[in-house]
Amino acid sequence: MDEEQVVKFVETYLKKKGFKQAELAFQDEVQHSSNVNSVDIHSDPDLSVLLLSLSQPEDTPARYNDEYSKLRSWAHSSLDLYKPELLRVLYPVFVHCYMDLVSKGHIQEARTFFNTFREDHEMMHSRDLQKLEGVLSPSHLEEMEFAHTLRQSKVNIKICQYSNELLMQYLRNTKSTMMLGIVNEHINFQVSPGQPCPISDDSEVVTLIGSNQDAANQINKKEIHWGLLEDSLEERLEKAGGLLSDSEKTEGEAKEGDQDETKKRSIEGGKQGASVKKLKKDKAASATAKVVRPEANTAPIAPRVKSELPLPVISTEVEQSILEDLRNRVQLSSAALPSVSFYTFINTRNGLNCSSISQDGSLVAGGFSDSSLKIWDMAKLGQQSSNSVLQGENDTAPSEHVLGPNGVKRSYTLFQGHSGPVYSATFSPIGDFILSSSADTTIRLWSTKLNANLVCYKGHNYPVWDVQFSPVGHYFASASHDRTARIWSMDRIQPLRIMAGHLSDVDCVQWHANCNYIATGSSDKTVRLWDVQSGECVRIFIGHRSMILSLAMSPDGRYMASADEDGTIMMWDLSSGRCVSPLMGHNSCVWTLAFSCEGSLLASGSADCTVKLWDVTTSTKVTRAEEGKSGSANRLRSLKTLPTKSTPVYTLRFSRRNLLFAAGVLSKIV
């Protein structure tokens, strides 16, 4: 074996191991060396074996299949203590084996490899596998952003020191050079001393493939001010000592509940009978629970911050109305759960895409696939004839905006103007305006007083999935398929800020309580927090394993909840960027989240036809020391599950008095 072959084998070895800098240094040394000392491989048996293994064809497709299959068998047969950590390595290795085969032109072998081992990862990574399945040629690795990002970045995996040593020892002993090269080039192990921890105890043990964890860590060091606005109505009310006694709160809530129940009776033909009975039962239970003193809240008082946006002026009449609601607010806790009012859409012909409820529950809106927006006034429903119900059916009467079937006056107001399906709707805090977003790339502002379209906002290039009014009104945020979120004001037709950085669709958006930040959830499985004034990303939250569908901010602005397509809810501390507690319980998509007004409870609504109430106070009081001692399952508490007959939950909203409103569409008759 001559010197040239030895040099070639060493270069091949360094390349396979992923040692790029060492490879470049070696090549540079060979070029500048005038005389290369001869190497006698027979004098070193280990070197001889190594060079012989490297002399085998490096691009043999069968080697990928053989080495991965052996690694998979070894990981599954490992000790139970270390098995969970070792199994985490398989998915990124599987992905890069497939892409290596594609890059070398072995398309058929790549497809066979993909189909052979795909089932192992289907449950946890189904969406990624669907995208990966579309990579069918070497050019796709460069043209498709998803594949290109995977090739250019490393996967972060948390693993204990002993598991790491076991893995490296196995790869060296079995001379699995292909697997070793992939591990070195595409996986970044975050090695920790001590015993391995179960994956369920830490949402960040496996970081999202394609995300740059180092960049995220740098961004998460930025300072943010999560407190509440100075001189807010709540603060003024507290200073004035204007809080009512428990008995007065109970009386006020009972009055609100009675009024709502009257509305329910008038439209009972359009609601689920079980929901009406449950409402009465919950009200009776709630009335007795409200006299119980809520648990002492030991949470620190939220700091006060100045607004970075010019705030709109609130009229005296509206201010008095809000103060009245705040005085009559019921304090909720694990011992005093909220009353729930559930609105059910029927006869929608599978056309309902979204729903929204006004702050006081008096107006309910639905966005439909036929590009229409419909609003029901709960007070007027009782004035309709007995056969008028809350329904979304499209009728063909001559005067469609006035009359329904049989000449009966229609029970809703029809808003037409979009030229594509309506995907989101949001009421202003006062309820005098409503925004809608559509597949036609526009956002429209409507007046609920004039029943007319006021403005059409154009800026996004693709469908707009979500739009949300700010807590003070006037400003709103939108999220789109064009991978951006935008900040708007009602008086300007162009966006004020454009937030770009997500790698895929921005599916949902939510304002922070102080209006200085917005949060965005994306199909790239991350949540980002943005500074409204500068437009910069100040936090990246990594841990979800599927697209983010809903977000909610705690009233004090300290915590954020996010929910995904798999049914997982995560509670985040905004200041640290850490996941406080994952909330597991739903078995399908979670479409909506809402915090109670004092922040002690979180409500979640899902496609599994349930509303769940969670004890947030218990989940967020856990200290860092306690976090290390106990698992996630001990850190959270599901207080109650409220099932519907067959109604996926689209929307949840707590009124200022802490009555919980919910809306959904009847999927089938049971």
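D128 is tucked away as a buried residue, at 6% relative accessible area (buried is under 20%, exposed over 50%, partly exposed in between, using a 1.4 Å probe and protein chains only). Before the views, a word on the model: it is a predicted one, where local features need pLDDT of at least 70, side-chain atom pairs count only at pLDDT 80 or more, and totals for chains, interfaces and linings use all residues. Residues are numbered from 1 along each chain as its sequence is written, and side-chain values use heavy atoms, with hydrogens and water left out.

View 1. D128 sits in helix 8, residues 122-132 (helices are DSSP runs of H or I with at least four residues, strands are runs of E with at least two, both numbered from the N terminus). Skipping residues up to four places away in sequence, D128 touches Y91, F146 and K525 (a contact means heavy atoms within 4.5 Å). Take F146: 18 residues separate it from D128 in sequence, and the C-alpha to C-alpha distance is 9.0 Å.

**View 2. T441 in a loop between two strands.** This loop runs between strand 11 (433-438) and strand 12 (442-447), and T441 is found in it. T441 isn't a glycine, yet its phi is positive, at about 75°. With a relative accessible area of 22%, T441 comes out as partly exposed.

View 3. N658 is a residue other than glycine with a positive phi, near 75°. N658 counts as buried, at 1% relative accessibility.
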